[in-house]
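This briefing concerns the pockets of one protein model. Please view the sequence and structure below before reading on.

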Amino acid sequence: MTDYTAWPVIGRGAERTCYLNPADKTRLVKISPRRNAKQTLREIKYFRFLIRRGIPFDHIPKFYGEISGDDFIGFEQEFIPGADPRHDSIPETLEQYLHHLSSQEDIQKLRNALEKLKTYLLRYNIIPCDLLPDNIVVKHGTTGPKLILIDGLGGTELIPASNYFKVLGNRKILRKWEKFSKKLSAKFQQLDL
């Protein structure tokens with residue numbers, strides 16, 4: 001059995017730890033202790049749901065499957081590299097990226113990237129449970145940043161009707177987006193969202 005805990009740690013949250021696959025640096029695993037795996041179990045279920053629906057993983061990391069051991073459960077997914085992928089660099093979160101926006105052109109490119117993420121979530125009815133700047137990473141491209149939601153996916157309801165009924169899902173996404181936009185605008189007034 002693979003000892004994932006021997007892999008390099010690239011992130012740690014309240015519930016789980018992320019490890020980069022040393023043999024395939026395009027993949028990582030997110031592992032939770034079995035006794036504290038509520039978020040991980042919800043996300044595994046949600047990723048499987050998205051795959052069954054044929055959703056393109058354009059603004060969320062690709063999901064490669066569940067992993068488990070006696071005392072842990074987790075999943076393998078795509079690693080989104082930072083600005084220099086040759087050096088296993090950790091990507092900037094949206095929170096970090098916002099702190100060094102300098103020009104009006106950069107701000108406009110970010111506004112466009114935010115609009116593309118919002119459009120993607122609405123078009124495919126992808127429900128975020130935690131839409132936070134720390135759950136979004138910035139992938140740098142030639143035309144500007146691309147935003148990837150790396151954490152906090154899937155609704156938390158007992159009966160997730162918003163997953164199945166787009167009108168309900170889109171209402172929920174818009175409510176979360178409105179809160180997210182207000183917080184971003186309050187903290188980073190130059191965005192003017």
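Which element gives the most to the lining of the second largest pocket? Helix 1 does, with eight residues. The model is predicted: local features need pLDDT of at least 70, side-chain atom pairs count only at pLDDT 80 or more, and totals for chains, interfaces and linings use all residues. Residues are numbered from 1 along each chain as its sequence is written, and side-chain values use heavy atoms, without hydrogens and water.

**Terms**
- A pocket is an open set of points on a 1 Å grid over the protein atoms alone, where a 1.4 Å probe fits, with protein on both sides within 12 Å along at least five of seven lines; lining residues have an atom within 4 Å of a point.
- A volume is the space filled by probe spheres set on the points, which are joined across faces, edges and corners.
- Helices (H or I, at least four residues) and strands (E, at least two) are DSSP runs numbered from the N terminus.

**Largest pocket**
- The largest pocket holds about 520 Å³ of space.
- Its lining has 25 residues, with Gly11, Cys18, Lys30, Ile150 and Asp151 nearest the centre.
- Strand 1 (9-12), strand 3 (27-33) and strand 5 (72-78) each give two or more lining residues; strand 1 has the largest share, three residues.

**Second largest pocket**
- The volume of the second largest pocket is about 350 Å³.
- Arg42, Lys45, Gly155, Glu157 and Pro160 are the closest to its centre among the 15 residues that line this pocket.
- At least two lining residues come from each of helix 1 (38-52) and helix 4 (161-164).
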